[in-house]
Amino acid sequence: MIASDLDTAIAGLRDLIDDAQRIVPFTGAGISTESGIPDFRSPGGLWTHNRPIPFDEYVASAEARREAWRRRFNIEATFAQAKPGRGHLALASLYRAGRVPGVVTQNIDNLHPMSGVAPHDIVELHGNTTYATCLDCGQRYELGPIRSRFEVNGEEPPDCDCGGIVKTATISFGQAMPEDAMRRAQQLASACDLLLAVGSSLVVWPAAGIPLIAKRSGAKLVIINREPTEFDEFADLVVRNDIGDALAPFIRH
Ligand code: NAD
């Protein structure tokens with residue numbers, strides 16, 4: 001069912017949330033646009049400015065790495081200022097109320113932990129851009145010191161002490177998905193009774209398969225996204241309103 005207006009959407013959401021014991025949110029970039037972080041596919045989104053740098057190019061080319069770090073530092077002020085929006089706060093309220101065993105996210109912006117969901121209950125399918133790791137040994141690096149060195153060293157991309165390549169702790173196109181995160185997401189999806197797909201165009205695979213796992217396992221599926229998605233026909237409720245407006249009534253302080 002596609003909700004015809006905001007009041008109908010909120011009433012439908014309330015019924016489904018009240019009836020559910022285990023609610024699993026599956027979030028995408030759309031939940032963070034209210035926080036000032038552009039998504040990929042909306043008009044003016046990141047996709048329209050910069051072609052994503054695939055993983056094999058990042059590994060093969062120092063120039064691609066230089067460009068990736070330039071872009072990352074250019075957007076740092078946006079990430080650093082971002083605060084959780086109403087969607088994040090509503091999901092955190094459901095989590096605090098014991099209704100959400102875990103949040104599965106495609107986002108890399110760290111806003112779910114900032115909203116009060118414990119990091120161990122968040123599955124970051126595409127990693128986290130607020131720090132970096134070595135692709136060989138896994139050593140963690142903070143972005144501040146990397147940036148200082150990048151700027152004084154003529155934009156030389158960083159390497160690890162072990163000689164490996166350093167990259168933000170995100171999953172690029174063409175990069176293997178983190179196995180543990182995928183397994184946890186699949187477990188959460190198959191054991192929930194309500195999956196809330198919030199702010200995702202549901203076109204990036206294999207992440208997009210998570211809501212379908214929930215539906216096939218008998219859960220109800222809600223899609224909250226202002227644009228249609230290919231999965232709308234499988235949803236028990238489709239909300240085409242603004243995410244913040246639709247979820248604000250579920251915020252508890
Ligand atoms: P996407 O950009 O493909 O889709 C976002 C969807 O959210 C769009 O369909 C858009 O219409 C909708 N949307 C945006 N703002 C909305 C609002 N306020 N209310 C209702 N709907 C809204 O994002 P995706 O599906 O998450 O896939 C993109 C990939 O890009 C992900 O893998 C993610 O890792 C990455 N990404 C992450 C961030 C972030 O961390 N915030 C930002 C950009 C891209």
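Good morning. A polar side-chain atom of Glu227 lies 2.7 Å from an oxygen atom of the ligand, a polar contact being a pair of N or O atoms within 3.5 Å. The protein covers 97% of the 850 Å² of accessible area that the ligand has on its own, by the Shrake-Rupley method with a 1.4 Å probe.

The model is a predicted one, in which local features need pLDDT of at least 70 and side-chain atom pairs count only at pLDDT 80 or more, while totals for chains, interfaces and linings use all residues. Residues are numbered from 1 along each chain as its sequence is written, and side-chain values use heavy atoms, with hydrogens and water left out.

Two further contacts involve oxygen atoms of the ligand. For Asn225, a polar side-chain atom is 2.8 Å from such an oxygen; for Gly199, a polar backbone atom is 3.5 Å from one. In total, 28 residues surround the ligand, each with a heavy atom within 4 Å of it. The closest are Arg41, Gln106, His126, Ser201 and Glu227. This shell divides into nine nonpolar, 13 polar and six charged residues; Ala, Val, Leu, Ile, Met, Phe, Trp, Tyr, Cys and Pro count as nonpolar, Asp, Glu, Lys and Arg as charged, and the others, Gly among them, as polar.

Why does the ligand lie between domain 1 and domain 2? Both domain 1 (1-36 + 83-126 + 177-253) and domain 2 (38-81 + 127-170) give residues to its shell, so it lies between them. The bounds come from an automatic or database domain assignment.

I turn to the second largest pocket. A pocket here is an open set of points on a 1 Å grid over the protein atoms alone, where a 1.4 Å probe fits, with protein on both sides within 12 Å along at least five of seven lines; lining residues have an atom within 4 Å of a point. Its lining includes Gly127, Cys134, Lys167 and Pro178. Strand 4 (127-134) and strand 6 (166-170) each give two or more residues, and strand 6 gives the most, with four. Strands are DSSP runs of E, at least two residues long, numbered from the N terminus.

Finally, the backbone: the peptide bond from Trp205 to Pro206 is cis, with omega near 5°.

Notes: A polar contact is a pair of N or O atoms within 3.5 Å; within protein, one must be able to donate a hydrogen and the other to accept it, and residues adjacent in sequence count only if both atoms are side-chain atoms.
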